[in-house]
Amino acid sequence: DKDEFKRLASEMRDAGVEELGLFYIGESFMVPWLAEAVQYAKDIGFPYVFLTTNGSLASPEKVEPLMMAGLDSLKFSFNNSDAEQFRKITRVAPRWFNKTIANIKAARKIRDAGGYKTKIYASSIKYDGEQQARMEVAVSEILPYLDEHYWLPLYSFGAQATDKEKELGMKPGAGNPGRLGAMRTPLPCWAVFKEGHITREGKMSACCFDSDN
């Protein structure tokens with residue numbers, strides 16, 4: 001709810017929170033007033049407002065209003081090597097993979113043409129062997145359009161992912177160690193002490209993977 005968002009954002013800013021991420025588990029570009037949320041956050045003084053997206057809905061028509069509103073960082077989660085793998089893993093039509101690549105390229109062109117300050121990033125999971133080789137080829141296509149790309153270690157939060165991991169033949173580590181090149185021990189969990197996560201129902205969670213309240 002828009003009014004609830006504004007209330008929570010104002011309370012966080014009054015409490016001294018300096019960075020606000022407008023995403024949590026779901027896809028933020030489904031929110032029709034996302035640009036207004038960015039604008040409100042900047043208007044009440046958040047120094048840094050950021051967003052992570054899978055990119056499929058990040059069309060030029062939706063991205064430019066965010067940049068105009070003052071979005072500081074737009075990051076794309078880019079974790080599949082081609083359209084067929086995207087279909088298999090996400091069970092979504094493969095055309096959305098190509099749409100994501102087109103949206104990344106368009107975001108850079110919009111940013112540069114408009115002189116906006118938004119930084120454009122992408123992250124990818126670091127796999128092993130053949131899959132990693134395929135990912136590096138895929139990343140090379142979007143790399144010229146990014147300010148930075150970085151790799152994330154494959155990690156798990158336990159039993160909820162075990163069956164899928166076996167199906168895909170993956171062997172993730174335990175807990176969230178951050179990004180490769182700047183990893184930290186996952187225990188005690190750093191996110192519990194550094195981040196707060198608020199669900200769409202307005203509930204606060206200490207865990208970045210607790211979307212079920």
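Modeller: Start with α1. Its buried residues are covered by elements that include β1 (19–21), α2 (34–43) and β8 (197–198). Keep in mind that this is a predicted model.

Colleague: Which residues of α1 are buried?

Modeller: First the general idea. An α-helix has 3.6 residues a turn, so residues three or four places apart point the same way. In this chain, the buried residues of α1 are F5, L8, A9 and S10.

Colleague: How do I check the span of α1?

Modeller: Count 1.5 Å a residue.

Colleague: What lies at the start of α1, and what follows the helix?

Modeller: At the start, a side-chain oxygen of D1 comes to within 3.1 Å of the backbone nitrogen of D3. After the helix comes G16, with a positive phi near 100°.

Colleague: Now the core. Which members of the largest nonpolar core touch the most other members?

Modeller: In soluble globular proteins, nonpolar side chains tend to be buried together. Here the largest nonpolar core has 39 residues, and L22, F29, L51, L74, F76 and F78 touch the most other members. Helix α5 (residues 95–114) gives the most to this core, with 5 residues.

Colleague: What does F76 touch?

Modeller: Leave out residues up to four places away in sequence. The contacts of F76 then include T53, G55, A58, N103, I104 and A107. I120, Y121, A122 and S123 are also among them.

Colleague: And how much of the chain is buried?

Modeller: Buried residues make up 38% of its 213 residues.

Terms used. Residues numbered from 1 in each chain as written. Predicted model: local features only at pLDDT ≥ 70, side-chain atom pairs only at ≥ 80, totals over all residues. Heavy atoms only, no water. Buried < 20%, exposed > 50% of the residue type's maximum accessible area, 1.4 Å probe, protein only. Core = buried A, V, L, I, M, F, W, Y, C linked by side-chain atoms within 4.5 Å. Helix = DSSP H or I, 4+ residues; strand = E, 2+ residues; numbered from the N terminus. Contact = heavy atoms within 4.5 Å. Expected span 1.5 Å × (residues − 1). Polar contact = N/O pair within 3.5 Å; in protein donor to acceptor, adjacent residues only side chain to side chain.
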